[in-house]
Amino acid sequence: MYIDGKWKAGNSDFAVTNPATGEVIGRVPDANEHDIEAAVAAADIAFADWKKTTAYQRSELLYRAWELMVRQKSQLAELMTREQGKPLKASLNEVQYGADFLLWFAEEAKRMYGQIIPSARENQRFLVHKSPVGVVGAITPWNYPISMITRKLAPALAAGCTVILKPAESTPLCARAMMEIFDEAGFPPGVINLLTVQNPSRVGEVFCTDPRVRKLTFTGSTQVGKELNGLAATNMKRVSMELGGHAPAIVFPDADPVHAAKGLSLVKFLNTGQACISPNRIFVHEDHAEPFIQELTSRASRLKAGNGLENGIGIGPLINELAVGKVDGQVKDAISRGAKVHTGGQRLTEKGLSGGYFYAPTVLSGVTEPMRIYREETFGPIAPVITYRSEKDVIAMANDTEYGLAAYIYSNDIGTAMRAFEALDFGIIGINDINPTSAAAPFGGLKNSGLGREGAQEGIEEYLETKLGGFAI
Ligand code: ADP
């Protein structure tokens, strides 16, 4: 753990495993009640001075952390692959994406503008000032174990907040490596604190109830997000919630089905489907279903599964046994209700994969509404294809979900693309674009996918309070 600028062992610890092999790759402290209290107290005390620093001072520290991160890119990526499982190339991309947030918010720190508002009264002046929210509790997931940390911490620190980070129990080593970077960059003691913990619920409760913590920022499942949001609401905490998704991808009849299949296979199987913006329902016009499914199947079946540190690996393992069971359950349910399997459809245990949590990249067609996969987030390498007849039908089907994070469309007709962009109830829409994410672009969802935005100009607002000064002169 890292508390008040010092590394700290715990009274007990827990093991971290490599999901590609099942081997233990490290142990980390398991925070107890005293550690949690020490971290909150350190962040609270540090806030008094940190909030008085200038944006230029905070910016310089973020720049330094960015430089260190870029310099250590390959070591961080290798650790990520060992701890989380994604192929090394994907880890390198994630480390770069993670570093981008430090750079972006090092710049945004200097642009926290207030306002002077004209008053209707001659002898009055209005001044609007932005100030940091206070101590922030940050809970991050395992699927993007480095970029989800910087996406939260960079804007919080830029704004002048202090932070307690609680990373996912599957990926604490990446969080520890990031903390070494922040430590070396020279952030003052208490400004950033790290609690590794095996059972996260007590930390979540403290973040939502302790009066010294003013804001909770959470990325994870909708179920846990709702529980924490409920508790935070009764204590009037600010929250940002980045939760689950069930992204539709629509291939319109004017698009090239082979080109669309290429793009959607890339985004579907990225991170073994373990992304909240992963396409979960792929809608293809019935006239184009055949070439589309053929191309998607061919690409899925050619992906080589294995340890992401080896050459030529296209797809890594799922995170754990539970994830394999969930994915397999959805596939079996779909098959029992009439879905057709074009490739995959089972766990992979051959050729040295038996120690890990591998599932074959799978393409299903004939997916219909009664199947669980039609509504439940999958978080696995399953591409369910659904055919449709009209634009009106497909927009209604795409919007028929409790989630509202990402959606994708393929169309070569600007009118169709614009109508779909306007009609889809999602926070992020890729139009012939399978990577609509960047530190400079607002990321977040509607409906049960969450509250608030990360990255972009909006990202720093989440950590700022608006203070009005009314001056009678
Ligand atoms: P997933 O199913 O993707 O693992 P979770 O929502 O369970 O999603 O986990 C995301 C993050 O939320 C992790 O850091 C995890 O430790 C944390 N988490 C899970 N349950 C709780 C809880 N009750 N209180 C606080 N944090 C939690």
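Thr 272 is buried, because its relative accessibility is 3%. Buried here means under 20% relative accessible area, exposed means over 50%, and partly exposed covers what lies in between, using a 1.4 Å probe and protein chains only. The model is predicted: local features need pLDDT of at least 70, side-chain atom pairs count only at pLDDT 80 or more, and totals for chains, interfaces and linings use all residues. Residues are numbered from 1 along each chain as its sequence is written, and side-chain values use heavy atoms, with hydrogens and water left out.

Thr 272 sits in the loop between α9 (257-269) and β13 (279-285). Helices (H or I, at least four residues) and strands (E, at least two) are DSSP runs, numbered from the N terminus. The phi angle of Thr 272 is near 55°, a positive value in a residue other than glycine. Asp 4 also has phi near 55°, again positive and again not in a glycine. Its loop runs between β1 (2-3) and β2 (6-7). Asp 4 counts as partly exposed because its relative accessibility is 33%.

Now the overall layout. The chain is divided into domain 1 (2-243 + 449-472) and domain 2 (247-438), with bounds from an automatic or database domain assignment. Their C-alpha centres lie 31 Å apart. The contact between them takes 23 residues from domain 1 and 26 residues from domain 2. Contact means heavy atoms within 4.5 Å.

Phe 443 lies in the loop between β21 (428-431) and β22 (446-447). At 7% relative accessibility, Phe 443 is buried.

Arg 151 is buried, with a relative accessible area of 2%. Leaving out residues up to four places away in sequence, Arg 151 touches Tyr 97, Phe 101, Glu 242, Phe 443, Glu 454 and Gly 455. Two of its side-chain links are polar contacts: one to the side chain of Tyr 97, at 3.3 Å, and one to the side chain of Glu 454, at 2.9 Å. A polar contact is a pair of N or O atoms within 3.5 Å; within protein, one must be able to donate a hydrogen and the other to accept it, and residues adjacent in sequence count only if both atoms are side-chain atoms. Arg 151 and Ser 449 are 298 residues apart in sequence and 17 Å apart in space, C-alpha to C-alpha.

Next comes Glu 462. Its loop joins α14 (456-461) and β24 (464-472). Glu 462 counts as buried because its relative accessible area is 15%. Apart from residues up to four places away in sequence, Glu 462 touches Val 133, Lys 215, Arg 238, Val 239, Ser 240, Gly 452 and Arg 453. Gln 124 is also buried, at 15% relative accessibility. Gln 124 lies in strand β6 (residues 124-132). Beyond its neighbours within four places in sequence, Gln 124 is in contact with Ser 119 and Phe 471.

Glu 23 is partly exposed, because its relative accessibility is 44%. Glu 23 is placed in the loop between β3 (13-17) and β4 (24-29). With residues up to four places away left out, Glu 23 touches Val 16, Thr 17 and Asn 18. Glu 23 and Gly 356 are 333 residues apart in sequence, yet their C-alpha atoms are 8.9 Å apart in space.

Last, the ligand. There are 16 residues around it, and Thr 140, Trp 142, Lys 166, Glu 169 and Ser 221 come nearest. A residue is near a molecule or strand if one of its heavy atoms lies within 4 Å of it. The shell divides into 8 nonpolar, 6 polar and 2 charged residues. Ala, Val, Leu, Ile, Met, Phe, Trp, Tyr, Cys and Pro count as nonpolar, Asp, Glu, Lys and Arg as charged, and the others, Gly among them, as polar.

A polar side-chain atom of Lys 166 lies 2.9 Å from a ligand oxygen. For Ser 221, an N or O atom of the side chain is 2.7 Å from an oxygen atom of the ligand. For Glu 169, the corresponding distance is 2.5 Å. Taken alone, the ligand exposes 550 Å², and the protein buries 78% of that. These areas come from the Shrake-Rupley method with a 1.4 Å probe; for residues, only the protein chains shown count as cover. The elements that give two or more residues to the shell are α7 (201-209), β10 (213-219) and α8 (222-234).
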